[in-house]
Amino acid sequence: METFPVIDLSKLNGEERKPTMEVINDACENWGFFELVNHGISHDLLDAVERLTKDYYRKCMEQRFKEMVASKGLEAVQSEIDDLDWESTFFLRHLPESNLAEIPDLGEDYMKTMKEFALELEELAEQLLDLLCENLGLEKGYLRKVFCGSKGPTFGTKVSNYPPCPKPDLIKGLRAHTDAGGIILLFQDDKVSGLQLFKDGQWIDVPPMKHSIVINLGDQLEVITNGKYKSVLHRVLAQTDGTRMSIASFYNPGSDAVIYPAPELVEKEEKESQIYPKFVFEDYMKLYAGLKFQAKEPRFEAIRL
């Protein structure tokens with residue numbers, strides 16, 4: 001059994017840079033996921049994000065979730081539910097404009113902490129995109145430039161809690177899907193597991209680790225790399241015990257960014273019949289909204305300009 005790739009980012013600064021870059025490349029090619037330690041984000045900041053997120057859920061969202069479950073009769077379901085997820089979520093927008101001031105009852109402390117966290121993640125995402133360029137043989141900054149469009153990248157965070165579920169065999173925490181966007185940075189609960197990815201015909205657990213950041217690649221990077229790197233199917237299993245925290249930040253192209261395979265990664269013979277389409281990111285997102293839980297290949301076909 002292969003072990004899930006865990007990468008110590010501090011090793012990029014010394015003699016172990018080359019083997020570390022090789023592990024990152026292998027993870028991008030064969031897993032679509034990897035976990036970062038020593039990523040440069042302080043443990044104190046991560047602890048504050050976790051504490052404030054869990055407090056906010058208890059004070060502002062837990063009761064609402066219980067009322068939703070009761071109103072839909074979900075605790076008594078007898079057959080598999082395939083049209084909703086056992087999760088309580090809200091969304092924070094950072095770029096191009098922040099919406100943090102519009103979120104009810106967020107509070108000064110939580111807002112300040114999440115702004116600081118978002119800046120750290122933005123920097124980490126851009127560092128990772130440059131590392132991918134290096135591994136792919138693309139000019140430094142190529143991916144960041146493609147993501148820019150005319151207004152800069154889009155960056156936001158989905159804050160989720162997965163409460164204990166009485167019927168985890170019948171309701172998923174989050175149904176299987178690939179992510180539509182660019183690069184995803186996840187700060188997840190280190191005690192309650194549930195995240196799985198699909199590899200070689202089976203579901204594999206993404207191990208919870210304290211203070212780590214889990215990275216996965218979205219559909220846009222599959223297109224830009226001409227399929228060298230793939231977005232991978234993943235899901236969240238509901239659990240009978242414990243509430244799982246998940247803070248997923250999506251560093252995506254700008255709405256008007258034009259996405260297409262990097263010319264350097266397209267073989268000459270492919271140019272006539274390019275496998276991956278060219279499209280405007282916002283158009284892809286509109287299509288994805290209705291097809292999130294379906295296979296990605298028909299989305300690529302439908303968006304072809």
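Predicted model: local features only at pLDDT ≥ 70, side-chain atom pairs only at ≥ 80, totals over all residues.
## Aromatic pairs and a cluster

The structure holds 12 aromatic pairs. One of them joins Phe4 and Trp31 in an edge-to-face arrangement, at 5.6 Å centre to centre and with 80 degrees between the planes. Here too distant parts of the chain are linked, with Phe4 in the segment before β1 (6–8) and Trp31 in the loop between α1 (17–30) and β2 (33–37), 27 residues apart. Phe4 and Trp31 are both buried.

Elsewhere, one aromatic cluster is formed by Tyr276, Phe279, Tyr284, Tyr288 and Phe300.

## Charges over ring faces

Arg175 lies over the face of Phe293, at 3.9 Å from the ring centre. A lysine takes part in another such contact, with Lys278 placed over the face of Tyr260 at 5.4 Å from the ring centre.

## The annotated domain

An unreviewed UniProt entry places the feature "domain: Fe2OG dioxygenase" at residues 153–253. In the model, the end C-alpha atoms of residues 153–253 lie 5 Å apart, and the span is 6% helix and 45% strand.

Definitions and conventions
Residues numbered from 1 in each chain as written. Heavy atoms only, no water. UniProt positions renumbered as here; feature names shortened; annotations may be inferred. Helix = DSSP H or I, 4+ residues; strand = E, 2+ residues; numbered from the N terminus. Phe/Tyr/Trp six-rings, centres within 6.5 Å; stacked < 30°, edge-to-face > 60°. Buried < 20%, exposed > 50% of the residue type's maximum accessible area, 1.4 Å probe, protein only. Lys NZ or Arg CZ within 6 Å of the ring centre and 35° of its normal.
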